[in-house]
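Dear colleague,

Please find below the sequence and the structure that I am handing over to you. My notes on what was found follow directly after them.

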Amino acid sequence: MTTCLYKECFPATGVTLCEAAYFTHPPAPPATAASTATAAVAAAAPPTGTTTSRGSGSGGGGSNSGAGVVQQPNLIIVRINRLEVYNLRSSAVGGPAAGTGAGAASAGVSSTVGAATVAGSGAGNLGGGLCGGARLELVSSYHLHGVVESMAVLSGGQPGRRDALLLAFREGKLSVIEWDPRVHTLRTSSMHYFEADPAAQREGRAAVPLGPRVVTDPAGRCAAMSLCFSQLALLPALEADPLDLSSNGGGAVTVGNSYLLNLNKMMGIREVRDCVFLHGYTEPVLLLLHEPDPTWVGRLRERKDTCCLTAVSISLRLKRHTILWKMASLPYDCYKLLAVPYRPAVLVLSPNLIMICSQTSQYAAALNSNALPGEVPPPLMFDPVREPPATTAARLATEYALNVHPDCAPAAGRNATLIADLEVVAAVAGAAWLSPTTAILGLQSGVLLAVHLQFEGPVDQRITAVRTGGGPVASAMVGITMAAAMRAPTAAAGVTVGASLAVQSYMSYRGPKGVIFLGSWSGDSVLMQLRPRKPVGEEGGADNPSKDFKRGRDVGGGG
C-alpha cells in the first residue's frame with residue numbers, strides 16, 4: 001500500500017530569489033589597453049542610434065558596440081523550489097529610451113523592457129540600450145527537492161571562469177551547483193551539512209524563525225553562511241586550474257572543505273540578522289548586523305539603539321578571524337545590509353532611516369518624520385469638573401498620536417537629514433544597485449525609490465532619495481548591469497575616464513546600462529531599464545515637479 005504524503009499540483013509562479021551570474025558561459029576575455037580605453041570613452045559619450053546583432057553561441061544576450069560582443073550574464077530565478085536559468089537577449093541599442101519591446105517570455109516572467117527615468121547623475125550614461133527589443137530566453141528549468149531559503153553567486157574571479165551558485169536550505173544545508181556545458185544541465189560540485197549538533201546550533205531554541213543567509217566575497221575568494229543566529233559556516237574557494245580555464249566554455253569555481261564557527265563563544269556575537277562581504281579589502285571582510293541585547297517597541301524608552309555592526313577579517317590560509325572594527329548604537333529595526341560597490345562601506349536599511357556606515361564615518365538620511373525626535377507631551381492633568389478623565393486622555397492621545405517621544409527616537413535620527421516631500425516607509429524593501437552610487441529600493445507600497453550616494457561634499461547631501469515611479473511589490477531585485485560591470489575585464493593602464501576605480505570599471509563596461517530585474521511574489525515580475533534624468537532646463541523647468549521623472553515602461557506577463 002502506497003500513501004502519498006506530498007504532491008505538488010501546480011508549480012510555484014511567484015519569484016522569491018533572483019541573481020545575475022555568468023553561469024552557462026564565462027565573461028568575455030580581457031581586451032587590450034587601447035580597446036578598453038576606446039570602449040570607456042564610447043561608454044561615456046551620449047548614445048547614438050546604432051543597431052546591434054544578437055550574440056551567438058552559448059553566451060547570454062550580446063550587443064555589438066563596434067568592438068566585439070558584450071557577454072550578458074544569465075538571470076537566475078528561484079520560485080520556492082524551482083530554479084530557472086534565463087539568457088538576456090537584445091536586438092537594438094542606443095536611441096531614446098521611449099519605446100518598449102515585448103519578446104518571448106517563458107514561464108511567466110515579463111520580458112517587456114522599457115526605460116524609466118532616475119533623477120540625478122548617479123546612474124551614469126547608457127552605453128547601450130535594451131529598449132526597442134529585448135527578451136528573456138529560458139535556458140532550463142529544474143525542480144529542487146527543498147525550499148531555497150537563500151541564494152548567492154560565487155564569482156569566478158577570472159575572465160575565463162564561470163560562476164557557481166550556492167543554494168541554502170533549512171536548517172543548515174548548502175549545495176554548490178555549476179553548469180555542465182557538455183550535457184547542458186546542472187551539476188552539483190559539493191554538498192555541505194551543518195546540522196550535526198542541532199542543540200548546539202540553536203542554543204536551546206525549539207525553532208529559529210530566520211532561515212540561513214548565504215553571502216559571497218566580491219572577489220570570489222570565499223563564501224559564508226549565517227544560520228541559527230550565532231553560527232557561521234565558511235567555505236573557501238579553490239584556485240583555478242589552468243587546464244580548466246583553457247578548455248571549451250571555461251571551468252567553474254568550486255569550494256573546498258568548509259568549517260563552522262560559533263560567533264557567540266568566539267566573539268560574543270549573537271542574534272545575527274544579516275551579513276555581507278565588503279569591497280576594497282586585501283582579505284575577505286565579513287560585516288555582521290546583529291543585536292546583542294534585543295528589544296521591542298514596548299521598551300524603546302529603556303533600550304532603543306540595540307543593533308551593532310562588526311567587521312571580521314577572515315584569513316583563509318591561517319583560519320584566523322580578527323575583528324577589524326565595530327559600530328554600535330544603530331536603530332533596533334535595522335534589517336538589511338547592502339555593500340557599496342568598489343568601496344569599503346555599507347548601506348544600512350531600516351524602515352525610517354538609510355545610513356552609510358564605514359570604519360571612519362556614518363551618515364544618515366530620514367525617509368519620514370518618524371525617524372526624527374518630536375516634542376515632549378505635556379503632563380496629563382485631569383479636571384473632572386470640566387470633562388471626564390477618559391475624554392481628557394483620549395484627546396491628548398489623539399493630539400500626539402504621530403508624535404515621536406525624544407526618548408524613543410533613534411540616536412542616528414538626531415543628526416539625520418530629512419528628505420523633503422518623501423514620507424515613505426522602507427520596511428522589508430527589496431534593493432539592487434543600478435550604478436556604483438545609485439541603488440533602487442522596491443517598497444512594499446509598490447513605489448520605486450532611487451537612492452543616490454555622494455562620498456564627498458556637504459554632509460547633508462551625502463544621501464538623497466527620490467521617487468522614480470512604481471511597479472509590482474518587489475520580493476527580490478538584482479542589478480544585471482552592475483553584476484556584468486563588476487566582472488568586466490579592464491586594462492587599468494589604458495583607462496583614463498573617471499577619477500576612481502568605480503567610475504573606470506563602470507564606464508568601461510560596453511553593455512547596456514541601468515538594467516535591473518524586479519521579481520515579485522504577488523504581481524508581475526519585470527525586466528526594466530532606467531536612465532538618468534535630463535538636466536532641469538531640458539525637462540521644462542525646476543518649478544514643474546510633475547516632470548521630474550518619465551516612465552516609459554510597460555508591465556506584462558505573469559508573475
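**Rings and charges**

A search of the whole structure finds one aromatic pair, where rings of Phe, Tyr and Trp (its six-membered ring) pair if their centres lie within 6.5 Å, and planes under 30 degrees apart count as stacked, over 60 as edge-to-face and the rest as tilted. Two charged side chains also sit over rings, a placement that requires NZ of Lys or CZ of Arg within 6 Å of the ring centre and within 35 degrees of the ring normal. K319 is placed over the face of Y259, 4.7 Å from the ring centre. R343 is placed over the face of F455, at 4.1 Å from the ring centre.

**Basis and confidence**

Please note that this is a predicted model, in which local features need pLDDT of at least 70, side-chain atom pairs count only at pLDDT 80 or more, and totals for chains, interfaces and linings use all residues. Residues are numbered from 1 along each chain as its sequence is written, and side-chain values use heavy atoms, with hydrogens and water left out.

The mean pLDDT (the predictor's confidence in each residue, from 0 to 100) of the protein chain is 78, and 74% of its residues reach 70 or more. Over residues 36-60 the pLDDT stays under 50, and the model has 63 contacts (heavy atoms within 4.5 Å) for this stretch beyond four places in sequence. Residues 535-559 also have pLDDT below 50, with 59 contacts in the model beyond near neighbours in sequence. Where pLDDT is low, the predicted coordinates should not be read in detail.

**Overall make-up**

The secondary structure of the protein chain comprises eight helices and 30 strands; helices (H or I, at least four residues) and strands (E, at least two) are DSSP runs, numbered from the N terminus. Of the 559 residues in the protein chain, 51% are buried, with buried meaning under 20% relative accessible area, exposed over 50%, and partly exposed in between (1.4 Å probe, protein chains only). Among contacts in the protein chain with a separation of 6 or more, 66% are between residues 24 or more positions apart.

**Strands and their partners**

Two strands pair if DSSP finds at least two bridges between them. An open sheet of four strands has the order β10-β11-β12-β13, with antiparallel pairing. β10 (213-216) and β13 (259-262) stand at the edges with a single partner strand each, so one side of each is left without a neighbour in the sheet. β10 is joined to β11 (residues 222-227) by four bridges in the antiparallel sense, and V214 stands opposite M225 in β11.

β20 (residues 353-358) and β21 (residues 362-366) form an antiparallel pair over five bridges, and a hairpin of three residues joins β20 to β21. The bridge partner of I356 in β21 is Y363. β21 also runs parallel to β22 (residues 417-418), joined by two bridges, where A366 has L418 as its bridge partner.

In β27 (residues 474-479), five of the six residues are buried. Five bridges join β27 to the antiparallel strand β28 (residues 515-520), and V478 stands opposite F517 in β28.

V148 lies in strand β6 (residues 148-154) and counts as buried because its relative accessibility is 6%. Leaving aside neighbours within four places in sequence, V148 is in contact with L17, V78, I80, L167, A168 and F169. The C-alpha atoms of V148 and G211 are separated by 9.5 Å, with the two residues 63 apart along the chain.

Yours sincerely
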